[in-house]
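Dear colleague,

Here is the structure that I promised to hand over, and below it I have set out what was found when going through it. Please read it with the structure open beside you.

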Amino acid sequence: MAGIEAYGYHLPRYSIRGKEYANALGHFAARGVEEKIIPGWDEDEVTMALEALIRALEMAPAEREPSILVAASSSARRPVAQTLAQALGLGSTEAVDIQGNSHAAVEALLVGLKAVGSGEGRVLVVSSDAPRGAPDDPFEHGLGAGAAAFVLGPGGGAELVARATETTEDLVGPHEDDQGFLRVGANQDAGVAAMGRVAKAAVGDAANEVAGVACHEWDGRTAREALSSVLPKELTEAGAVRFAGYTGSSSPMLNLVVALGDARVGQTILMVGHGAGRTTAVLWRVTAKVPGVGIVTGEPKANRRYLTYPEYLRLRGALANPTVNRQTALGAYVPLATYQATVGQRYRLIGQVCTTCNAKVFPPKASCPSCGGEALQPHALDPRGRLHSFTIIARGAAPTEFLEQQEAQGEYAVGLVQLEDGPRITAQITDVEPGAVEVEMPVVLVLRKLYRQEGIVRYGTKFRPLSRDV
Amino acid sequence: MAEDVAIVAAGQSRFGARREGPKELFAEAWRACREAVDKGFDPLLIQEAYVGSMAFGGYQLGNTASLPLGYIGLPYLPSRRVENACASSSFALRDGYLAIRSGAADVVLVAGLEKMTDLPTERQKYWLGVSGDTEWERLAGTTFAGTYALMALRHMHDFGTTREQMAAVAVKNHRHGALNPKAHLQKEITLEQALRAPMVAHPLGLYDCCPVSDGAAVVLLASREKAKRFTDAPVWIRASAAANDHLALHERPSITRMEATIRAGKAAFHQADLSPRDIDLAELHDSFTIAEIMALEDLGFCPKGRGGAFVESGATQRDGQIPVNLSGGLKAKGHPLGATGAGQAVEVFHQLRGSAEKGRQAEGAEVALTHNVGGSGASCTVHIYGR
């Protein structure tokens, strides 16, 4: 039966506690939220979704490419799915974006399950959100970020057993203003009531089988307010919103990751999504343990970096210097066409293997640096390596294109990575404090934002510590 | 071969943050060179001109050489811009040397010219980065400070080189620069100042990096037959050698040595039939302090990995085993990118004829070496000179 075969998630490592807001502003407006997550400067919906997908796929490797990849997001405004397909090397997979509202992820799951049920094979569904609010808006306080991914297939261990949907035309959920800031919706009460109704319809008489809840959460009270008439109190406590903040379409998805991590065979999970006038409840039954990496709630991992409020503003770009003209001298200028031609190299380390001496070559060349032979074939290099050397780029040592990154996040580490397969590559080392970088540190490839040029976001090669506990 | 090509005159502008533009700077260097001619000089004797330049902020990339040469009254002289980043004018020197060795010319003008301080910071940074691998190094977010920092950190890791040893290079070069009226920075610094300075790209701080400078230098070369028309005390070019290397640091098997320096050095010593211990003074390419340390090792002045200790021991001071950068080096004399190589030849010309300032003149010097590197080591020349 069609179901969830594996799952994964990605949460950026940067957080801010509610009490930092309270210290700075005198109050923290997000009820029941203790802390929330902000993407690093080089992260966005694309990079978060990719990391979530990679972790999900690691749990369920397969020989054939999935037939469809659906990328959902409430906050992304540019194509995500196609970049994900390129980065994963999925040449024949249909890449679909569902954007613009927080119901998108649940829709993606339902559409994906239907496709699997019709014999399409595997479908990848990922949601990623990074909603941004205006600094002087209380609604901004609770806006967080995150991504979750699910591999849907014919042998899934979590199957859909019931669903209920309601459409209300006069509901206005959170929406973007002219400057792109997310503003609170009107009539949240009606939304909460709708969530209660679809939940009741989906659960029916089987409330006692429900062991987990994956509810869309604007803040820490949403689940309680929506579901208290359907489920016992202990199941309606605040979920991921408590530490991630409001994550748009990823909200029910991250909660599903948490629930799948805790669920036992035979139990059901109630998922409720809401956005743009649509409300859907899905009841999942766990028929087999679903492979995935669960979200560790409660204890922060060693790598989590807590920001002060000024650091948070700076990371959001609220303190950027608008007078610096960044277009006068492009220190890292590579024309768009040249860049597009090397996307396979940058996203997936597609280099070469020398068919004469078996040496791996990167970047691609006309002749093998080891033996001089010219019989070279494309080859995706192992993404792991060790740091042969590194430096920390301070103000004054960065090309102009990276000034925006420095303004937001300060000094950054650049490493000379010795890849497992032999070649070396120069790249930024991300997801770690520059002061914690060491020679010989094991690292692994990640796709991150480099900068924006000619209106296009340039994604490229970076490395992060292999251990997420660094 | 040892006495085929001579430097018969040489002069330079003051290096520094100059108000003057590139043409005026060139004229200043040209005048200084003419004043260094011992006997009479007719500019119309010059047959070819090689002008090393990155081309001042990109606003004269085309036909660069014609501009200054027209300004000084030699518009019809066959001339061209020679470019290999910071080694531009030493490659120009090599091209001039080859022209005379080939017999095609007897009198050749070699020059270096750069104007950098009139650019806004962003544009300056651009020009400081163009000589690296744009696609794979710049896109990682590095300029040259970052690339040399990667080398320095690994050198410290592999050989125990210290920040103090690197700072000692800067202190020495500033002491010499303070005695050189043509130098950009004419102030001594202390070891503490160097170590306390802000970081630019860890482990390199502000005083590990050479300044951004304007300047020009002109060197007059002549064949053996023609040299005596200009002077009875020519400085012979006993060897001219060059080598290149992979542009990107990550393509090189080792980042703690410069293959281009090693190869050019070996070829130069072989040509001159000399060894490092025969050299009385050297001008080495200290764009960053670690670069001088690596050059000492790569040219064979000290064993591999011992460059830091070598500097610390005082061996490269004026009264040491091998005085290095008595001009102040790139660090204190300055680094107008395209002019540096020719500037090193100007220094050697004065040192070997005993006309450098007191306090930084090497006593009884007969044989000198210059080492000039493009960017992070993708190109390099080594020249050896003698009386």
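A:Pro363 is placed in the loop between β16 (360-361) and β17 (376-380) of chain A, where helices (H or I, at least four residues) and strands (E, at least two) are DSSP runs numbered from the N terminus. The peptide bond that leads from A:Phe362 to A:Pro363 is cis, with omega near -10°.

Before going further, please keep in mind that this is a predicted model, in which local features need pLDDT of at least 70 and side-chain atom pairs count only at pLDDT 80 or more, while totals for chains, interfaces and linings use all residues. Residues are numbered from 1 along each chain as its sequence is written, chains are lettered from A and ligands numbered from 1 in the order in which they are written, and side-chain values use heavy atoms, with hydrogens and water left out.

Chain B has a cis peptide bond from B:His202 to B:Pro203, with omega near 5°, and B:Pro203 is in the loop between β5 and β6 (204-205) of chain B. Another backbone feature concerns B:Phe56, which has a positive phi of about 35° although it is not a glycine; B:Phe56 is found in the loop between β2 (48-52) and α2 (66-71) of chain B.

Turning to the two chains together, 32 residues of chain B are in contact (heavy atoms within 4.5 Å) with 44 residues of chain A. Between them the chains bury about 3,200 Å², 62% of it on carbon and sulfur atoms, where buried area is the accessible area (1.4 Å probe) that two parts lose on being put together, summed over both. In chain B, the residues that lose the most area to chain A are B:Glu122, B:Trp136 and B:Leu139, together 23% of what that side buries.

There are 14 residue pairs in polar contact between chain B and chain A, both residues being at pLDDT 80 or more; a polar contact is a pair of N or O atoms within 3.5 Å, and within protein one must be able to donate a hydrogen and the other to accept it, with residues adjacent in sequence counting only if both atoms are side-chain atoms. The elements that give two or more residues to the side of chain B that touches chain A are α4 (121-129), α5 (144-159) and β5 (199-201) of chain B, and the largest share, seven residues, comes from α5(B).

Three salt bridges are counted between chain B and chain A, a salt bridge being a side-chain nitrogen of Lys or Arg within 4 Å of a carboxyl oxygen of Asp or Glu. In one salt bridge, the side chains of A:Lys365 and B:Glu251 meet at 2.9 Å, N to O.

Over all chains, the count comes to 45 salt bridges. Within chain A, the side chains of A:Arg122 and A:Glu5 meet in a salt bridge at 3.1 Å, N to O. A:Arg122 lies in the loop between α4 (104-117) and β6 (123-129) of chain A and A:Glu5 in strand β1 (residues 3-10) of chain A, so this pair ties together parts that are 117 residues apart in sequence.

With best wishes
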